[in-house]
Amino acid sequence: MLFELGLALAALHFAVPLGYYAAAKRWLRRSWDIREDVRYTPRVTVIIPTYNEAENIVRRLENLLAQDYPRDRLEVIVADGASTDGTPEIAERWAREHPDVKVAVLREERRDGKAKSLNRALRLASGEVVVIADADALWAPDALRRAVAKLADPSVGAVSCVKKPMEARGIEDGYRGYYNALRVAESKAWSTPIFHGELAAFRRDALEAVGGFPTDIGADDSHTATLIALKGLRAVVADDVLCAEAVPRRGYHAWRVRRAQHLVQHFARILPAVPKAPRRFKPILAIETYLHLANPWLFLAAIALLAASALAGSLAAAGVLALGAALLAYKPYRTWAVAQAYLATAAVRNLWTKEEVWRKQDKSNGHAADGAMIQISATSDKPALKGAEP
Ligand code: GDD
Ligand code: MN
């Protein structure tokens with residue numbers, strides 16, 4: 001009995017994402033039904049939230065300067081959360097040395113979390129389009145232009161990027177390939193509920209209609225995009241909008257757990273709205289909510305039941321567990337299993353801390369970042385989304 005139940009839960013755990021991924025692969029083959037317009041060059045406000053980004057801020061600003069977007073249509077706000085490493089001073093000096101770009105540096109007295117800084121900056125923003133640019137990320141030179149061109153379509157309210165890790169570290173690379181494919185597929189079908197603060201572009205009126213960025217849950221980027229999608233506009237991750245993000249040198253697991261915590265908070269908050277979601281968004285939102293909130297627990301429950309059954313003498317249960325353990329040598333499976341562990345850990349950790357203000361990870365990348373940019377610009381027409389397995 002334990003054995004059958006364990007097996008059934010394991011089967012369900014894998015069947016839903018595999019089935020979803022099969023559907024997503026079909027969506028991925030579709031062509032985009034968004035009417036882009038590269039002549040649409042509205043005024044854009046780029047907000048860079050910073051907390052102790054002295055190491056990254058100049059590179060971040062230079063990368064913005066290198067965007068092929070009309071410079072007189074661009075405004076940059078560095079929204080600093082009381083950095084103690086001189087970040088705002090460095091940004092101010094850079095602004096003085098580059099009078100041809102409009103850069104404002106906003107300082108807070110106390111560190112108050114990313115989302116509150118974003119909202120303060122939003123009140124000062126003059127752009128029709130507002131773009132979040134995490135300080136530790138870089139964009140391909142055409143990323144901004146391509147993202148904005150999509151906002152020319154009146155059905156689109158928000159656009160985000162596909163992400164590449166700056167350095168292939170541990171499982172991060174495989175993990176990104178699979179999720180990038182999924183985000184793009186969902187976007188082609190309608191909208192994706194997961195956005196990236198590394199580049200998140202919003203139509204400003206849509207952003208204001210949902211009340212700006214949520215300050216009581218961590219996933220400010222994903223939650224805002226989803227609220228916009230729930231209002232009927234599309235929130236898409238586009239495969240020609242590329243960015244590279246820094247992966248921590250140390251504390252990789254803590255970083256992944258914290259981000260999982262933010263996603264779990266996001267989907268828990270979204271759950272009651274799923275039945276009322278626009279028709280084409282509803283299945284996507286329902287499955288992603290299930291995959292983030294419930295599915296990881298099926299995996300753990302299946303392992304527990306099979307272990308109990310094996311202890312009670314079931315050779316079949318021991319065999320299935322041994323097979324599961326052996327499969328860990330297969331990277332896509334290992335990546336998946338680890339992601340389940342992060343999500344489950346995150347749900348439990350959310351019981352006592354929401355990590356609205358989080359510890360700064362060491363993500364210094366040295367010269368690796370330049371390599372990553374060469375890579376993302378070289379592939380900017382066709383990002384590598386293949387070879388990604390769940
Ligand atoms: N103003 C301000 N105040 N900025 C902050 C604060 C703060 O208290 N904390 C972090 N930031 C800035 C960082 O300097 C960085 O530019 C950006 O916010 C993202 O912070 P990271 O520390 O790089 O976080 P991450 O890359 O792991 O975060 C990812 O997940 C978050 C949600 O879980 C990104 O996708 C973020 O965009 C997202 O908000
Ligand atoms: Mn980051």
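Let me start with a question: is E355 buried or exposed? E355 is buried, because its relative accessible area is 16% and the cut-off for buried is under 20%. Before I go on, please keep in mind that this is a predicted model.

So, staying with E355 for a moment. You'll find E355 in the loop between α13 and α14, the latter being residues 368–378. The backbone there has a positive phi of about 55°, although E355 is not a glycine.

There's another residue of that kind, N52. N52 isn't a glycine, and yet its phi is positive, at about 50°. Look for N52 in the loop between β1, residues 44–50, and α2, residues 57–65. N52 counts as buried, since its relative accessible area is 17%. What does N52 touch, leaving out residues up to four places away in sequence? The list is S83, T84, D85, T87 and K360. For a sense of scale, take G197, which sits 145 residues from N52 along the chain: the two C-alpha atoms are separated by 17 Å.

Okay, on to the cysteines. How many disulfides does a search of the whole structure find? One. The partners are C161 and C243, with their sulfur atoms 2.2 Å apart. As a reminder, a disulfide is a covalent bond between the sulfur atoms of two cysteines. This pair links distant parts of the chain: C161 belongs to strand β6, residues 156–165, while C243 belongs to strand β8, residues 234–245, and the two cysteines are 82 residues apart. The angle about the S-S bond is 45°, and the link is right-handed.

Now for some helix packing. Two packed helices are described by the angle between their axes and the distance between the axes. The crossing of α11 past α12 is left-handed. Which residues make the contact? From α11 it's I303, L306, A307, S309 and A310, and from α12 it's A317, A318, V320 and L321. Sort that contact by class and you get eight nonpolar residues, one polar and no charged ones.

The second pair is α1, residues 2–29, with α13, residues 331–349. Here the axes come within 13 Å and cross at roughly 110°. With that angle, α1 and α13 are therefore roughly perpendicular to each other. On the α1 side the contact is made by H13, F14 and P17, and on the α13 side by Y333, W336 and Q340. The class count for this contact is four nonpolar, two polar and no charged residues.

While we're on α1, have a look at W27, which is also in that helix. W27 counts as buried because its relative accessibility is 16%. Setting aside residues up to four places away in sequence, W27 touches Y20, A185, E186, K188, A189 and I284. By contrast, I90 sits 63 residues from W27 along the chain, and their C-alpha atoms are separated by 45 Å.

Last stop, helix α8, residues 220–230. How many of its 11 residues are buried? Nine, and that makes α8 mostly covered. If you want to click through them, the buried ones are D220, D221, S222, H223, T224, A225, T226, I228 and A229. Then, just after α8, G232 takes a positive phi, about 105°.

That's the tour. To recap the things I'd look at on screen: the disulfide of C161 and C243, the left-handed crossing of α11 and α12, and the positive phi at N52 and at E355.

Conventions:
Residues are numbered from 1 along each chain as its sequence is written. Chains are lettered from A and ligands numbered from 1 in the order in which they are written. This is a predicted model: local features need pLDDT of at least 70, side-chain atom pairs count only at pLDDT 80 or more; totals for chains, interfaces and linings use all residues. Side-chain values use heavy atoms; hydrogens and water are left out. Buried means under 20% relative accessible area, exposed over 50%, partly exposed in between (1.4 Å probe, protein chains only). Helices (H or I, at least four residues) and strands (E, at least two) are DSSP runs, numbered from the N terminus. A crossing is left-handed if the near helix is turned anticlockwise from the far one by less than a right angle, and right-handed if clockwise. Contact means heavy atoms within 4.5 Å. Ala, Val, Leu, Ile, Met, Phe, Trp, Tyr, Cys and Pro count as nonpolar, Asp, Glu, Lys and Arg as charged, and the others, Gly among them, as polar. Axes are lines fitted to C-alpha atoms, for helices over the stretch in contact, and angles run from 0 to 180 degrees between N-to-C directions. Angles under 35 degrees count as roughly parallel, over 145 as roughly antiparallel, 65 to 115 as roughly perpendicular and the rest as oblique. A disulfide is a pair of cysteine sulfur atoms within 2.5 Å.
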